[in-house]
Amino acid sequence: MANGSPIQPKRVEEALKPLTRRTFLKGTAATMAGVAGLVSALRPLLSLERGEITMDELLQKHYSQLKPEDMQHILGVLEKKCEREYGVKPDIRDIKPLAGVQFGYALSLTKCIGCRKCAHACMAENNQSRDYDDDVNMSYIRVLELAKGSINVETSDHYYTGEVPKKDKYYMPVQCHQCQESPCTKACPVQATWMEPDGVVTVDYNWCIGCRYCMAACPYDARRFNFKKPTIGEQAINPNQSYLSNRIRPKGVVEKCTFCLHRTREGKYPACLEVCPTGARVFGNLLDPASEINYILKNKRVYILKEDAGTVPKFYYYFD
Amino acid sequence: MNTAKDYLIFLGRIWRLSWQGSWKYNSWMILLGVVSLVGLNAYAKQFVVGLETTGMTNQVSWGAYIANFTFLVGVAAAAVMLVIPAYIYKNEEMHKVVLFGELMAIAVIVMCLLFVTVDLGRPDRFWHLIPPWGKMNWPISMLSWDVIVLNGYLLLNLHICGYLLYMKYLGRKPTKLFYIPMVFVAIFWALSIHTVTAFLYVGLAGRPFWNSPIVAPRFLASAFAAGPALLILTFQIIRKATGYWIGDDPIKLLRRIVQVTLSINLFLLGCELFAEFYSGTYHAASAIYLWTGLHGHDALVPWIWSALFLNIGALVVLMSPLSREFVPLNLACVALIIGIWIEKGMGLIVPGFIPSPLGQIVEYTPSTNETLICVGIWAFGALMYSWMLHVAIPIMRGDLRAAPDSSTSISLKPQPAT
């Protein structure tokens, strides 16, 4: 193997040459070249849209620490920004949960015909980004087409086309299960996503850092990420918006189904239920013993998707 | 006051020394600088457009950035493979090179932090992670643990290296109390960074491919193979490129360490494959996709088999007397570094997302821009490490010292010529 030679320490002047005019000039030239390189490398930043990152949003506190007047101010900033960027002035509110309410959702696998009306209604209601008119990629609802005789999602088709329902198929729409033991909120390193008192898991789009750990944690593939600034036409925007649900998201944050909390907290049904032509969807208050959802949970054959993941969903499938 | 002044003079000398080097050193640094800037340029584009410039999707929501991050956490942790022999077994030869491992850990942890940062959709909000201004989800989120252990490990190593180098520069004997406790804390801390990073994946019940207790032990075994292999190569480069003499003993010991860790890694891989393929439950879908392809999708199959053959080939060479020679040893080291890099990225992170929890198969290929960012971070890491060696070695040799006239401060014993 290789061998070495003895080490004699050098004189300090040898190790660290004294500063001369020549080395000084060389150093200056190198520094200038470096700075020029740095500046040209950062040039693309010039095309950053003005006002995309506002000071108000940058220095905003966590949702739990916002006073009502802070929230009012932020809502005003967001409304102006939406008008500036999308040409529509929305009405954004911070709608609070109702006391004594725990929302639950049930869906009949017997009735669902796979028409995907729910997935489209979700888009119309929640202002998701779309690349063309009936693009449902960012919809919070994915409708799976499954072969009769099995309930294994791995054999499902997400991109089925043609007339529905097909004879040998059945359909399973999947959206956020609003899990009681939600792995996504556990994963979030900055508490940007949490469960509200009415059981809805929400995201603060102004606090999310976009690490996407929640997406990795979700067993239902219920979360979507804004890989770019959302694209949505002026006429497609729903101006009735809320802070924790359907306001237009900024680039680089995660979003998800909120059971349309801006509707349901005001006594309306979620958009996906309202549009369903077969009555396959049942939504209500789990704490109300007389509610239809409780009737179903007590009397029907209920199936919980991926119950083995132990997340205790509040979204149930049932058979009529 | 005087102490502060001395320290400032020290920093000034380091700064000046940074700009002095042979033409080889200068060209190497310029090359790395240019590649780093190309990466920075790619990142500036990503910052403006968003992560759409990457190959990631809603289905495969982590890709090359997190894969490189995971691999590098292991490399950083592997510095303990020098620290343990040096400080616990009092191996003299290791003591002379242990600092090179710790310096590498610093550079690599910075690379890890960069890889995580470029993965963020909102890097402008990184302060949400920092208490008391932010709202760190500690102790619930494993990611918050990872932030703590990685930054802690960085600080520990910065302190140990900085303190020892400064004492050497002053010609003083380091006070044990100021660094020995940190060295021992750093040993456990190193294990923790890779264990916590493994738990990041293991904790996800919705991803059966990751939700397995074998992930953490495999992380450690593979890291303690790849890290020392990189050190074997680095030591040879250091002794060729700089005047700093490193004997063969540390390299021999590292070779023996890699023999053991690589064997353990392959054994654990066997255990994993048995569980996945013998029982063949539908939880094995990701493993099937990775190793054989699933429903006609097989983008990762060539990668994982190359990784397997590289690792087995490396082990065979390392176990045979052949690897007492440097050429076969170095080839084996290169093979196993590439093998384990593939295993962590294409073999662990990406297949965890395929198929998706709802059974979709969406394959992933990094985009050009994404690749440039990765290459840029690697170049920047090499730049940092080269710079650290460039200023540390003259201090370790005794060339750069506080007292210019006295040679009494030199404690390095000359090596006997053979």
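These are my notebook entries on a two-chain model, which is predicted.

**Entry 1: where the chains meet**

I began with the contact between the chains. I found 67 residues of chain A in contact with 67 residues of chain B. Next I asked which elements of chain A supply two or more residues to the side that touches chain B. They are α1 (12–15), α2 (21–41), β3 (142–147), α6 (183–187), α7 (213–217) and β7 (223–225). Helix α2(A) gives the most, with six residues. I also sorted this side of chain A by class. I noted 40 nonpolar, 16 polar and eleven charged residues.

**Entry 2: helix α5 of chain A**

I moved to helix α5 of chain A, residues 117–126. How many of its ten residues are buried? Seven are, and I wrote the helix down as mostly covered. The buried ones are A:Cys118, A:Ala119, A:Ala121, A:Cys122, A:Met123, A:Glu125 and A:Asn126. I then looked for what covers them. The cover includes β3, β4 (169–174) and α9 (271–275), which also belong to chain A.

I kept a general point in mind here. Most residues other than glycine have a negative phi.

I placed A:Asn127 in the loop between α5 and β3 of chain A. Is A:Asn127 buried or exposed? I counted 25 C-beta neighbours inside 10 Å, so A:Asn127 is buried. The cut-off for that is 20 or more.

A:Cys260 is not a glycine either, and its phi is positive at about 50°. I found A:Cys260 in the loop between β9 (254–256) and α8 (261–264) of chain A. It has 27 other C-beta atoms within 10 Å, so A:Cys260 counts as buried.

**Entry 3: helix α2 of chain B**

I checked the length of helix α2 of chain B, residues 23–49. The helix has 27 residues, so at 1.5 Å a residue it should span 39 Å. Its end C-alpha atoms are 39 Å apart, which agrees.

I listed the buried residues of α2(B). They are B:Leu32, B:Ser36, B:Leu37, B:Gly39, B:Leu40, B:Asn41, B:Ala42, B:Tyr43 and B:Gln46. What do they pack against? I found α2 of chain A, together with α5 and α13 (368–397) of chain B. After α2(B) comes B:Gly50, with a positive phi near 110°.

**Entry 4: the largest nonpolar core**

I looked up the largest nonpolar core, which has 206 residues. Which members touch the most other members? They are B:Ala76, B:Leu103, B:Cys112 and B:Leu336. Helix α5 of chain B (residues 92–119) gives the most to this core, with 18 residues.

Leaving out residues up to four places away in sequence, B:Leu103 touches B:Cys161, B:Tyr385, B:Met388, B:Leu389 and B:Ala392.

I took α5(B) with helix α8 of chain B (residues 215–241). Their axes come within 11 Å and cross at roughly 115°. This crossing is right-handed. From α5(B) I noted B:Val97, B:Phe100, B:Gly101 and B:Met104, which meet B:Leu231, B:Thr234, B:Phe235 and B:Ile238 in α8(B). By class, this contact has six nonpolar, two polar and no charged residues.

I then took α4 (residues 80–88) and α7 (residues 180–202), both of chain B. Their axes come within 10 Å and cross at roughly 140°. The crossing of α4(B) with α7(B) is left-handed. Here B:Val80, B:Val83, B:Ile84 and B:Tyr87 in α4(B) meet B:Val183, B:Ala186, B:Ile187 and B:Ala190 in α7(B).

An α-helix has 3.6 residues a turn, so residues three or four places apart point the same way.

**Entry 5: cis peptide bonds in chain B**

Most peptide bonds are trans. I looked up two cis bonds. One joins B:Trp138 and B:Pro139, with omega at about 5°. B:Pro139 lies in the loop between α5 and α6 (142–170) of chain B. Another runs from B:Ile354 to B:Pro355, with omega near -5°. I placed B:Pro355 in the loop between α12 (326–349) and α13 of chain B.

Methods. Residues numbered from 1 in each chain as written. Chains lettered and ligands numbered in written order. Predicted model: local features only at pLDDT ≥ 70, side-chain atom pairs only at ≥ 80, totals over all residues. Contact = placed C-beta atoms within 7 Å. Helix = DSSP H or I, 4+ residues; strand = E, 2+ residues; numbered from the N terminus. Nonpolar A, V, L, I, M, F, W, Y, C, P; charged D, E, K, R; others polar. Buried ≥ 20, exposed ≤ 12 C-beta atoms within 10 Å, placed from the backbone. Core = buried A, V, L, I, M, F, W, Y, C linked by C-beta atoms within 7 Å. Expected span 1.5 Å × (residues − 1). Axes fitted to C-alpha atoms, helices over the stretch in contact; angles between N-to-C directions. Left-handed = near helix turned anticlockwise from the far one by under 90°.
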